[in-house]
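User: I would like to learn how to read a few structural features, one at a time. Can we work through a model together?

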Amino acid sequence: MLARYALLICALMMLPSCLPEIVDDDTVPNFNAENTVMGVIQDEGVLRIAVEDDRAPWSDFTDDGEPAGFNVDLGRLIARSLGVEAEFVPGTPDEMDRLLNGEDIDVAFPLTPITEERVSVHAYADPYWTGHQRLLVPEDSEIEQMTDLAGATVCSVVDAGTGAPALDLNPDIGDLIDSSEPLGCVEPMRSGAADAIIGPDVLLIAHMEALGEGYRIAGDQLTTEGYGPAVGGGLGGFTAFIDGVFSEADREGVWREYYDQWIAPLTGVEMEFPRMTTEDAAALYPVG
């Protein structure tokens, strides 16, 4: 699976010691622990991955501690591509920052968009998801666009750094419930206290999972964000390796299998693998 781009990575990094013996397309390349983080991970035999808890279908931990979800499968894919075990730990995006800084994990999947500020703190692989700020409404709602929210009660989980504030988009909104919690609009929507939720679709999809059937994503794509895995410091090459893993997953249809299993049943929408680089995503939200 990785043989084709393993050679390219090694050549670009001028690391002849990491060149694998090619047998077939499923060969796992052997990396040198002295000059690649991939080699260090292979020596340890485990890839330590942080994902958010209670964010199904992206990532969730069952009562017995077993992780599951779209991002969990992507993490396992990276581990398999290195020939190591995957070890998952739960964490918020802030906790993931601390874990990466302390070298307690190797890769993290925060459900926060890539920005110039964030890539100045941690390296990111290219996005596995291109997201947009939109609306979540009941299936039988007449709300289709922001203009339909005049007089409505709207619950907001808009990202403060990348999102467009609801009242800036429609100052005629009747009442705004501003949640500081990623899934803080579940109860207002379930109880009928909110007519719509506004926020990034990664969180709207998580709301759909929590709420159950009877809801749909509506409205224009109000913003665009890229979501990718962050990696820790140390020896280079890991983001390029992950980029290659995800690109191969796209070509082989693996990314689509994960999407069809976890996301499509909720949204009912076909999606393509993102055609966005880390640099593209960060440039959408420059510092200052």
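User: Which backbone nitrogen lies 2.6 Å from a polar atom of the side chain of Glu52?

Analyst: First, the ground rules. This is a predicted model, where local features need pLDDT of at least 70, side-chain atom pairs count only at pLDDT 80 or more, and totals for chains, interfaces and linings use all residues. Residues are numbered from 1 along each chain as its sequence is written, and side-chain values use heavy atoms, with hydrogens and water left out. Now the case: the nitrogen belongs to Leu111.

User: Where is Glu52 found, and is Glu52 buried or exposed?

Analyst: Buried means under 20% relative accessible area, exposed over 50%, and partly exposed in between (1.4 Å probe, protein chains only). Glu52 has 5% relative accessibility, so it counts as buried. It is found in the loop between strand 1 and strand 2 (60-61). Strands here are DSSP runs (E, at least two residues), as are helices (H or I, at least four), numbered from the N terminus.

User: Which residues is Glu52 in contact with, leaving aside its neighbours within four places in sequence?

Analyst: Contact means heavy atoms within 4.5 Å. The partners of Glu52 include Asp60, Gly91, Met96, Phe109 and Leu111.

User: What order do the strands of the open sheet have?

Analyst: Strands of a sheet pair through backbone hydrogen bonds, either parallel or antiparallel. Two strands count as paired if DSSP finds at least two bridges between them. Here five strands form an open sheet in the order 4-1-5-14-6, with mixed pairing. Strand 4 (85-90) and strand 6 (123-124) stand at the edges; each has a single partner strand, so one side of each lacks a neighbour in the sheet.

User: How many bridges join strand 1 to strand 5?

Analyst: Three. Strand 1 (residues 46-51) and strand 5 (residues 107-109) run parallel. Val51 stands opposite Phe109 in strand 5. Phe109 is also one of the contacts of Glu52.

User: Which cysteines form a disulfide?

Analyst: A disulfide is a covalent bond between the sulfur atoms of two cysteines. The test is a pair of cysteine sulfur atoms within 2.5 Å. A search of the whole structure finds one. Cys155 and Cys185 form it, with sulfur atoms 2.0 Å apart. The link is left-handed, at -85 degrees about the S-S bond. It joins distant parts of the chain, 30 residues apart: Cys155 lies in strand 9 (residues 153-156), Cys185 in the loop between strand 10 (175-178) and helix 7 (186-191).

User: Are these cysteines buried or exposed?

Analyst: Cys155 is buried, at 0% relative accessibility. Cys185 is buried too, with a relative accessible area of 0%.

Conventions: A polar contact is a pair of N or O atoms within 3.5 Å; within protein, one must be able to donate a hydrogen and the other to accept it, and residues adjacent in sequence count only if both atoms are side-chain atoms.
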